[in-house]
Amino acid sequence: MLSRRAFLQLAMLAPLSARALAEGPRPDADMDKMALPNSSPGVSPPRVAILDWGLTEMALSLGIVPVGVSAPDWYRRLFALPVLPPQVQDVGLLFQPNFETLKALNLDAIIITPAHALLRDGLTGIAPLLTLGNWGSRPMANIERDTRLMAGAFGRDGAADRLLEQAAQRLARAQTQLEPLRGTAVFIATVVDVLHLKLQTTGGLFDEVARRLGLRNAWRGGGNGQGEALVELQQIAATADARLVSLGNSAGVPPAADTPLWRSLPLTQAGNIVPLPPGLSSTGAMLSAVRFAEALAAGLLQAEGARHA
């Protein structure tokens, strides 16, 4: 196991490594690139806690299994894959971690986001920090960069190469499948209740994925820093030439759609609602992007077939 002193010395090289990999300025980032022992025979895997669900997905996708995660049950509700092993411990809330639990885990590193800045001093006293995430207006490029940074810190560069290569292939396949529907307008929504929806907007991960597939976002309004906007149904109800892609549903349409109000709207006529399976989170990393692309392609093609049946 790498000593804590050596670990911290390597962490001091972080700014140079981060700037070399970044594709532009990222003033809100504080990259602490560290070198940890690889999980290979004869070497104990590093003990890592993660205070973000998207970064938990990223770690698991690289074969890095954390010993602790913030609110792991919520990760399991929001992310169908990768599966979080049952032995991973709960280290508290995303922005209110249990410091005693973290100390007891004898950690080699804690992975946080720039949004955890107020916690840095307390966390640094427990274990070295690796700061990633907060992907801004270019989520795909930033996710790819952070995937390589995380992989490099834990000796998983080969896993990153394989993950990103496979992701590019799967995204290209979904784009080819949707070529007949290029230019189709979509609202990417989570139905909150009968009168409200949360839409994916410019700057969000799912918005960028949809655009890469040749689709266009039917929402012309703005959004928050996470690429989301809470809107009233009446703001989009009259739109007849768009598809409503509904996140977070099992088979069939969202429950709110089975009401007289929804059934009367141009947007919700037959073939316009495209339900996607649960376990797809817009706060995820590369695997979430790929799984969303594939589910979106399958859902849109199925809906289009039903429209012309």
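**Helix H3 and the largest pocket**

Good morning. Helix H3 contributes the most to the lining of the largest pocket, with three residues. Please note that this is a predicted model, in which local features need pLDDT of at least 70 and side-chain atom pairs count only at pLDDT 80 or more, while totals for chains, interfaces and linings use all residues. Residues are numbered from 1 along each chain as its sequence is written, and side-chain values use heavy atoms, with hydrogens and water left out.

I begin with the pocket. Its volume is about 1,000 Å³. A pocket here is an open set of points on a 1 Å grid over the protein atoms alone, where a 1.4 Å probe fits, with protein on both sides within 12 Å along at least five of seven lines; lining residues have an atom within 4 Å of a point. Of the 36 lining residues, Glu228, Ser281, Ser282, Thr283 and Gly284 are the closest to the centre. Two or more lining residues come from each of H3 (53-61), H4 (72-78), H7 (139-153) and strand E7 (196-200). Helices are DSSP runs of H or I with at least four residues, and strands are runs of E with at least two.

Now to H3 itself. Why is H3 described as largely enclosed by the rest of the structure? Because eight of its nine residues are buried, meaning under 20% relative accessible area with a 1.4 Å probe, protein chains only. Among them are Trp53, Leu55 and Met58. The buried residues of H3 pack against elements including H4, H7 and helix H11 (286-307).

Lastly, the two ends. At the start of H3, a side-chain oxygen of Asp52 lies within 3.0 Å of the backbone nitrogen of Gly54. Just after H3, Gly63 has a positive phi of about 85°.

Definitions and conventions: Points joined across faces, edges and corners; volume = space filled by probe spheres on them. Buried < 20%, exposed > 50% of the residue type's maximum accessible area, 1.4 Å probe, protein only. Contact = heavy atoms within 4.5 Å. Polar contact = N/O pair within 3.5 Å; in protein donor to acceptor, adjacent residues only side chain to side chain.
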